[in-house]
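Work through the exercises below with the sequence and the structure at hand, and try each task before reading its solution.

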Amino acid sequence: MDRSPRLLDHLRGKARARGVEDRVRTVQADLDAAWPDLGTVELVWASASLHHLTDPDPDRGLREIFESLRPGGLLAVVEMAGFPRFLPDDVGRGRPGLEARCHEARAEAHAESLPDLGSDWGPRLSRAGFTVEVERPITIDLRPPLPEPTARYAQASLRMLRSRIAGKLSPDDLATLDHLLDSGGPDGVVRRDDLTVRTERTLWAARRP
Ligand SMILES: C[S@@+](CC[C@H](N)C(=O)[O-])C[C@H]1O[C@@H](n2cnc3c(N)ncnc32)[C@H](O)[C@@H]1O
């Protein structure tokens, strides 16, 4: 389930490529509005999505999931505390610490628009009636040399970040970020050889009693 036709199309494409198309059905729905009737399900996997539910808050979503699961059914929640880090502290241009300043600006913007990002989901799951069976932090710390898609992932992620924080960055930082994003030279994100992927996620597995 997702409200984005583009994301669902991407998912169906992946399923086709792996030959499991006939086992995948996508449902387009805005989960801040009416929840679709899913019947009774065994497993719900919510990846990097619950913090997006804002109307009125993700607790309503947890209750809807609880009601959809059969007794004994499992909900897996994966959430991230923040945004992945890709760049070294000194990118070789502008003032060092650019990415850290971008993340500060992002945290400020998200405090208003996505207040549940980085929430502690354990107590919220318990309040919704679930028994929390697993809480597992996952540290992702990938260092160079990294495969080629890393550059595209970093570029797409940093472009999205830029769109959210452009108004909060200094003109110098914005110019440096734009150079990194647009340059085909060796210091541009697509060609750098020092990219990393560093982030923290947490998995909760919770059962409907
Ligand atoms: C960070 S992405 C995660 C996508 C995917 N679950 C994954 O793990 O790769 C967040 C997703 O939540 C979806 N989303 C945000 N608000 C939503 C809503 N109100 N109803 C349904 N989907 C929503 C977005 O369209 C986006 O695909």
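**Exercise 1.** Determine which hand the crossing of α3 and α5 has, and which residues make the contact.

*Solution.* In this predicted model, the crossing of α3 and α5 is left-handed, a term used if the near helix is turned anticlockwise from the far one by less than a right angle, with right-handed used if clockwise. On the α3 side the contact (heavy atoms within 4.5 Å) is made by Glu 99, Cys 102, His 103, Ala 105, Arg 106, Ala 109 and His 110, and on the α5 side by Leu 158, Leu 161, Arg 164 and Ile 165. By class, this contact has six nonpolar, two polar and three charged residues, where Ala, Val, Leu, Ile, Met, Phe, Trp, Tyr, Cys and Pro count as nonpolar, Asp, Glu, Lys and Arg as charged, and the others, Gly among them, as polar.

Next take the geometry: the axes of α3 (residues 98-113) and α5 (residues 149-165) come within 9 Å and cross at roughly 55 degrees, which makes α3 oblique to α5. Angles under 35 degrees count as roughly parallel, over 145 as roughly antiparallel, 65 to 115 as roughly perpendicular and the rest as oblique; they run from 0 to 180 degrees between N-to-C directions, and the axes are lines fitted to C-alpha atoms, for helices over the stretch in contact.

**Exercise 2.** Describe how α5 and α6 pack.

*Solution.* The axes of α5 and α6 are 10 Å apart, and the helices pack at an angle of about 150 degrees; α5 and α6 are therefore roughly antiparallel. Their crossing is left-handed. From α5, Gln 155, Leu 158, Arg 159 and Arg 162 meet Leu 174, Leu 177, Asp 178, Leu 181 and Asp 182 of α6, a contact with four nonpolar, one polar and four charged residues.

**Exercise 3.** Find the bridge partners in β4 of Glu 79 and of Val 134.

*Solution.* Strands β2 (residues 69-80) and β4 (residues 197-207) pair in the antiparallel sense over seven bridges, pairing being assigned if DSSP finds at least two bridges between two strands, and here Glu 79 has Thr 202 as its partner. Strand β3 (residues 131-142) also runs antiparallel to β4, joined by eleven bridges, and Val 134 is partnered by Ala 205.

**Reading the model.** Residues are numbered from 1 along each chain as its sequence is written, and side-chain values use heavy atoms, with hydrogens and water left out.

Notes: Predicted model: local features only at pLDDT ≥ 70, side-chain atom pairs only at ≥ 80, totals over all residues. Helix = DSSP H or I, 4+ residues; strand = E, 2+ residues; numbered from the N terminus.
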